[in-house]
Amino acid sequence: MDIESLRSFLAFSETGSFTRAAKQINRTQSAFSAQMKKLESEVGAPLFEKEGRNVVLTEAGITLRADAKQILELHDSSLNKIKRYQNKRSLRLGCLKITMNHCYRRSSVRSVSMNLCVPSKSSANQVWC
């Protein structure tokens with residue numbers, strides 16, 4: 001199952017219609033229907049059934065809906081967390097240990113995460129962060 005198939009599936013769940021779901025995700029109805037048929041074959045169970053003139057979720061579809069919401073929330077949350085590191089770069093500043101706390105407190109940049117590292121006295125190669 002790919003993420004976009006789950007998003008499409010949830011669009012149907014929200015709208016109750018293949019046509020409205022396809023419109024919501026900016027696809028044609030035929031493309032949406034093909035995507036849902038592929039999803040059904042991947043899970044090995046029918047997700048939709050006709051009820052009179054309407055299409056509704058089967059028991060398997062209802063189960064998938066709950067899981068799909070959680071999967072997408074976790075996926076989106078993970079992407080948002082990872083995006084914080086896209087443009088992050090290191091900046092090394094040299095200052096005496098005595099003035100380091102003063103430098104950090106006086107920093108005007110509060111929205112940037114800072115990681116202060118202090119060279120160890122015992123070894124020039126060892127750094128404490």
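Predicted model: local features only at pLDDT ≥ 70, side-chain atom pairs only at ≥ 80, totals over all residues.
Local features need pLDDT of at least 70 and side-chain atom pairs count only at pLDDT 80 or more, while totals for chains, interfaces and linings use all residues. Residues are numbered from 1 along each chain as its sequence is written, and side-chain values use heavy atoms, with hydrogens and water left out.

**Overall fold**

The protein chain has 5 helices and 4 strands, in the order α-α-α-β-β-α-α-β-β from the N terminus. Helices (H or I, at least four residues) and strands (E, at least two) are DSSP runs, numbered from the N terminus. Of its 129 residues, 22% count as buried; buried is under 20% relative accessible area, exposed over 50%, and partly exposed in between (1.4 Å probe, protein chains only). The accessible surface is about 10300 Å², with 52% belonging to carbon and sulfur atoms; the areas come from the Shrake-Rupley method with a 1.4 Å probe, and for residues only the protein chains shown count as cover. Among contacts (heavy atoms within 4.5 Å) between residues at least 6 apart in sequence, 40% join residues at least 24 apart.

**Salt bridges**

The whole structure contains 3 salt bridges, each defined as a side-chain nitrogen of Lys or Arg within 4 Å of a carboxyl oxygen of Asp or Glu.

| Pair | N to O distance |
|---|---|
| Arginine 7 and glutamate 4 | 3.6 Å |
| Aspartate 76 and arginine 7 | 2.6 Å |
| Lysine 38 and glutamate 42 | 4.0 Å |

Aspartate 76 forms its salt bridge with arginine 7, and this pair links distant parts of the chain, with aspartate 76 in helix H4 and arginine 7 in helix H1, 69 residues apart. Arginine 7 and glutamate 4 are 3 residues apart in helix H1, so about one helical turn separates them. Lysine 38 and glutamate 42, 4 residues apart in helix H3 (residues 29-43), are likewise separated by about one helical turn. Shared partners join the salt bridges of Glu4, Arg7 and Asp76 into one network. Relative accessible area is 27% for arginine 7, 41% for glutamate 4 and 28% for aspartate 76.

Histidine 75 lies in helix H4 (residues 59-83) and is partly exposed at 26%. Leaving aside neighbours within four places in sequence, histidine 75 is in contact with Ile3 and Arg7. Its C-alpha atom is 8.3 Å from that of isoleucine 3, 72 residues away along the chain.

Serine 17 sits in the loop between helix H1 (3-15) and helix H2 (18-24) and is buried, at 14% relative accessibility. Its side chain reaches the backbone nitrogen of arginine 20 at 3.1 Å.

Terms used:
Polar contact = N/O pair within 3.5 Å; in protein donor to acceptor, adjacent residues only side chain to side chain.
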